[in-house]
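Thanks, everyone. I have one structure to walk through today, and I'll keep it quick. Here it is.

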Amino acid sequence: MSIAVTRAVALRGIAGHVVDVECHIGHGLPCFELGGLPDTALRQAPQRVRAAALSAGCSLNARQLTVNLSPAAIPKHGTGFDLAIAVAALAAAEAMPADAVRPVVHVAELGLDGRLRHVTGVLPAVLAAREAGCRHVVVAPEDVTEARLVDGVRISTAQRLGDLVSAYRALRGGSRLPEADEPVSPTTREPGRTLDLADVSGQHEARAALTLAAAGGHHLLLTGPPGSGKTMLAERLVTILPPLTSAQALETLAVRSLVGAVLPGRLDLSPPFVAPHHSASTAALVGGGSGAVLPGAVSQAHHGVLFLDEAAEFAGSVLQALRQPLESGQVVVARARQRVTYPARVQLVLAANPCPCGEGYGKALACRCRPTERRAYAARLSGPLMDRVDIQVQVPKVSLADLSEVPPDTSAEIAARVQVARDAQRARWQRHGWTLNSQVPGPVLRRAPWRLPRGVTATLDRALELGQITGRGYDRVLRLAWTSADLFGRDVPTSSDVGLALMYRTQGAVAA
Ligand SMILES: [Zn+2]
């Protein structure tokens, strides 16, 4: 009996586990058994592997093959194990050297013609391989660019299984497979026009609100009539946020890799901006789905901005499903056999019309909605999710005077101020385990040593007494006042910071 072992990666969410793929060839009746918790797609691997091996000129049909994926307790899914199974089987059949394939991780699907095919999740798989100390991974030609995003791992490829067999056979005395060539046409994305906040005319309040949101990590609601530029503003929030670290950027791309997105050839450090349509299902927004548990929009926006345009048009249940990820920074999907966790640390930006017809702003002279319609609309943007939104701001239509104004600050200038404000927050909260004002629980800000003097909170206290804001609204105003102080370089908020924060609490609300 002969045995050969090679490696593959089992993914659970974006976390991967390197798996040993072990093949025994016995002398009994021909068969091809696969053990170690395979899912339906993986259980069909023997057919694909047999056909691919035949096309590579090495028939496995007359052999008694037993393949084990260990550790057996980890569930394994998808078609990405095909190549490793074929390599282990062919090495066990002595069609190629067993010692050469032993340390190499193989991640690709096999076509019946022996072609190595793309699989989703190559980036998290290569990251997991590196984490486990593996230094050599073989992927399909289409996946080379994605695999190369990970430093410190040798990436090899082959068009067909037959080519890989020949390459392994040609190895002499401890040499390794050649590194994959640089892709002939590297995926150059359209450079396009870079977004900048200086493109937005007028909208001083909204720009200031965006700066506060970026500085303190506050969730934001923009309300205004159609065509006022809410989307333009929202998509520019990422241009004033601090750049991601390489580790954060890789984590975000790893999520996108699982949903089959084409990844850039180079690591992009700008935070992601993800804008799902209002018809999105709960699974599309927070993750799940009927077969494999896929990450939703909130995870694809990890470390960046999740923008819900026409937020009142999303199904209420879909919006409420966002509460858990906003609270914990992750999505947990429980299934019968496993729990999958996806990261989901996002900044939420909601945009909404002031009323169903969109004209109910200012004196609302042109609004055609009935009062009941306006109330129902406003009710959709209330409740527990809105409790997490610290800033609400109105975005009016742009006037002619706005269009002729001198261009205001650029994104780069604002980003520099945001960074200074973030450094101040980190210095203040670090030892308590927070980095941003938006993460600080309300009670902390209401008690010594962070409690503000009565003179500073007078207007806020009065708003609470008059019932203009709730207790939770009170805490949100405090959080925002600290961010305002950090932006203006003050050690402690003044009454003007509190006044500004209170304005952003009360003025933007969708009026019933
Ligand atoms: Zn209306």
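**Helix pair, zinc site, annotated domain**

The crossing of helices H19 and H20 is right-handed. Keep in mind that this is a predicted model.

Let me stay with that pair. H19 covers residues 454-465, and H20 covers residues 471-487. Two numbers describe packed helices: the angle between the axes and the distance between them. Here the angle is about 165°, with the axes 10 Å apart. Angles over 145 degrees count as roughly antiparallel, so H19 and H20 are roughly antiparallel to each other.

Now the metal. Which protein donors does the zinc ion have? They are the SG atoms of Cys355, Cys357, Cys367 and Cys369, lying 2.2 to 2.4 Å from the ion. Along the chain, the donors follow the spacing C-x1-C-x9-C-x1-C. Take Cys355 and Cys367, which sit 12 residues apart. Each is in the loop between strand S15 (347-352) and helix H15 (371-380).

What about the geometry? The 4 donor atoms subtend angles of 102 to 114° around the zinc ion, so the arrangement is tetrahedral. For reference, the ideal angle for four tetrahedral donors is 109.5 degrees.

Are Cys355 and Cys367 buried or exposed? The cut-off for buried is under 20% relative accessible area. Cys355 has 1%, so Cys355 is buried. Cys367 has 18%, so Cys367 is buried too.

Last, the annotation. An unreviewed UniProt entry lists residues 216-399 as "domain: AAA+ ATPase". Over residues 216-399, the chain is 27% helix and 18% strand. The end C-alpha atoms of that stretch are 30 Å apart.

That's my run-through. Questions are welcome.

How values were computed:
Residues numbered from 1 in each chain as written. Predicted model: local features only at pLDDT ≥ 70, side-chain atom pairs only at ≥ 80, totals over all residues. Heavy atoms only, no water. UniProt positions renumbered as here; feature names shortened; annotations may be inferred. Helix = DSSP H or I, 4+ residues; strand = E, 2+ residues; numbered from the N terminus. Donors = N, O, S within 2.8 Å, 3.2 Å for Na, K, Ca; no water. Tetrahedral: all angles 85-135°; square planar, octahedral: opposite > 155°, others 65-115°. Buried < 20%, exposed > 50% of the residue type's maximum accessible area, 1.4 Å probe, protein only. Axes fitted to C-alpha atoms, helices over the stretch in contact; angles between N-to-C directions. Parallel < 35°, antiparallel > 145°, perpendicular 65-115°, else oblique. Left-handed = near helix turned anticlockwise from the far one by under 90°.
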